[in-house]
Amino acid sequence: MGVSLSAWYINTGKKYLLLMLWTAGCAVLFWRTYYYFKYDPGFYYVHRMLGPWLCISRGSAAVLNLNCGFVLLPMCRSLLTLLRRLNRKISVETMRLVLDTCKGFHITCAFFICINAVIHFVAHMFNARNFSQFYNTAIPGVNGAHFSNQDPLLVAITTVPGITGMLMMMILIMIVTSSFRYMRDTNYDLFWYTHRLIVIFYILLLIHALRGPIRKQVNIPAHTPGCNDTLKMPMAEPEPEPEYSFHSYRCQEEPKFDSIGCQSWLWIGIPLLLYVIDGAFRMKQRETTVIVTDIIEHDCDVIEIHMQTDMRKPSPGQYVLIQCPRLSVFEWHPYSITKCPTRDRPEISIHIRAHGDWSERFRTHVQDLLHEERDESVESFDETSRLKLVVDGPFGGPLDTVLQSRVAVCIAGGIGVTPFIAVLNHVRSSKHKLKPKRLYLLWVCRSLLELTWFLATIISTHQHLWDQNMPDFLDIRFHCTGLQDSHIQAIPTEQRDFVTSRLQRGRPVWPQHFSEFCAAHKRATVDVFVCGPKAMIEDVQKLCLRGNVEKTNFIFHRESF
């Protein structure tokens with residue numbers, strides 16, 4: 001069957017609807033600002049000089065300020081985690097959708113910032129030209145140039161808005177060019193460091209409009225705009241039809257002008273305050289004590305780290321940001337929690353796979369420490385030389401609602417299985433009744449060696465459910481795309497039968513799996529959680545959008561840090 005309209009609306013349509021609403025809101029804001037600066041009496045003289053470029057520059061500035069404010073909200077991780085925790089209790093689907101699309105909303109705001117920054121920049125270049133070309137000697141207060149035919153470039157860069165605008169454009173270019181997927185995958189450090197420039201960007205934004213060349217007439221009661229024909233100037237465009245009227249025209253004095261001032265703080269004040277409060281809260285929680293209790297090296301360049309920390313208790317599916325001061329005091333990297341604290345073992349664990357510049361350096365650093373600890377020539381291992389980590393979090397994500405679903409399908413690729421391992425650990429240790437009636441785990445690996453990372457956890461959880469008379473609760477399926485017979489020997493003998501009975505060679509045939517889900521859960525809602533390679537995520541998402549004769553609704557969730 002083709003794409004189901006209802007499935008498309010649930011999984012994708014609502015996101016596009018929110019995007020359309022935001023785009024419409026930005027368009028309305030642009031038009032209202034354009035309309036205001038075109039017909040407000042206070043801008044009569046400056047509008048005759050600059051023409052439509054005045055309105056375009058101010059309209060794009062309003063949209064810029066709005067998006068510069070809201071682009072900060074998806075970065076307030078603690079605030080979003082609090083909202084997710086609240087939504088787990090009240091279960092509002094629209095609120096969940098908004099929270100799950102925070103990363104997309106951040107990108108959307110960044111897109112609008114880039115587009116309107118270019119429009120704003122071009123409009124002010126034309127404003128500088130018009131200030132120079134239509135310099136007015138009769139009304140010196142309205143001029144933005146110092147003299148007639150002044151170089152427009154000098155008109156622009158000799159003002160506070162011009163200088164700050166150029167600097168902000170340079171920062172924006174660095175942030176945007178380092179944000180493309182290729183740059184993030186090849187040099188994440190560059191992406192991280194350039195984004196720290198937003199501190200300078202927002203400082204410049206707050207002072208950008210101070211002493212700007214755009215001026216508004218402030219003595220309209222004593223001087224009606226256009227009342228004196230001798231003060232008229234060459235026009236950048238034909239005079240617009242006025243939308244305002246005066247009971248009488250007065251020319252008691254010459255027109256007086258003042259700068260429109262800086263209004264950016266009105267737009268970004270509240271979001272910036274929330275961002276600062278969120279950052280201060282996270283700085284405080286980073287002071288929590290972190291003690292590394294165990295380090296385990298696994299096959300395929302994976303390191304398992306156990307830590308004791310007094311941070312607030314995380315939930316399965318959440319993640320933490322990790323910093324290693326020995327490598328960098330600025331870099332933070334997200335990793336899913338694979339085990340949450342319990343009464344018996346009050347510690348968390350994470351698994352880090354060496355893939356990228358920071359994780360490669362981290363693995364080398366850990367191996368050096370382990371070698372030093374095991375070196376027989378060292379009489380007593382110095383505790384201060386042990387692995388030092390700083391933890392920020394925990395933070396919620398789209399996968400922290402697995403245990404809130406009636407039927408959950410967890411699909412993982414490689415190391416992407418980590419958030420689902422935390423779910424299995426919770427299932428095994430929980431003393432309360434579980435909400436899910438059925439839990440599927442599909443793990444796609446390149447090598448059987450990857451299964452050894454969590455095979456003990458998976459088998460023990462499966463055995464626990466059998467002991468609790470819940471044999472149908474958990475359905476486990478393994479797929480190995482690079483299966484080698486020699487790797488089966490790496491799996492302990494007592495676990496080999498468990499693996500081979502659930503193992504399939506090659507890539508998963510997703511339509512076959514989804515047909516089985518539909519047959520088992522007719523007319524039900526099935527939540528599909530995915531964490532892994534982009535290609536796999538796209539394949540699964542396409543199947544969630546397809547219709548089926550069993551009328552099963554698939555709700556798609558993907559991990560997004």
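This is a predicted model: local features need pLDDT of at least 70, side-chain atom pairs count only at pLDDT 80 or more; totals for chains, interfaces and linings use all residues.

Residues are numbered from 1 along each chain as its sequence is written, and side-chain values use heavy atoms, with hydrogens and water left out.

The protein has 18 helices and 14 strands; these are DSSP runs numbered from the N terminus, with helices (H or I) of at least four residues and strands (E) of at least two. Along the principal axes, its C-alpha atoms fill a box of roughly 100 × 70 × 40 Å. Of the 561 residues, 50% are buried, that is, under 20% relative accessible area with a 1.4 Å probe, protein chains only.

Two packed helices are described by the angle between their axes and the distance between the axes. Helix α3 (residues 52-70) packs against helix α6 (residues 102-133) at an angle of about 155°, and their axes are 8 Å apart. Axes here are lines fitted to C-alpha atoms over the stretch in contact, and angles run from 0 to 180 degrees between N-to-C directions. The angle therefore makes α3 roughly antiparallel to α6, a term for angles over 145 degrees. By class, their contact has 16 nonpolar, eight polar and one charged residues; Ala, Val, Leu, Ile, Met, Phe, Trp, Tyr, Cys and Pro count as nonpolar, Asp, Glu, Lys and Arg as charged, and the others, Gly among them, as polar.

Helix α12 (residues 264-285) bends by about 35° in a kink at Ile270, shortly before the proline Pro271. The bend is the angle between axes fitted to the seven residues ending at a residue and the seven starting there. Pro271 is one of the buried residues of α12, which also include Ser264 and Gln285.

Key
Angles under 35 degrees count as roughly parallel, over 145 as roughly antiparallel, 65 to 115 as roughly perpendicular and the rest as oblique.
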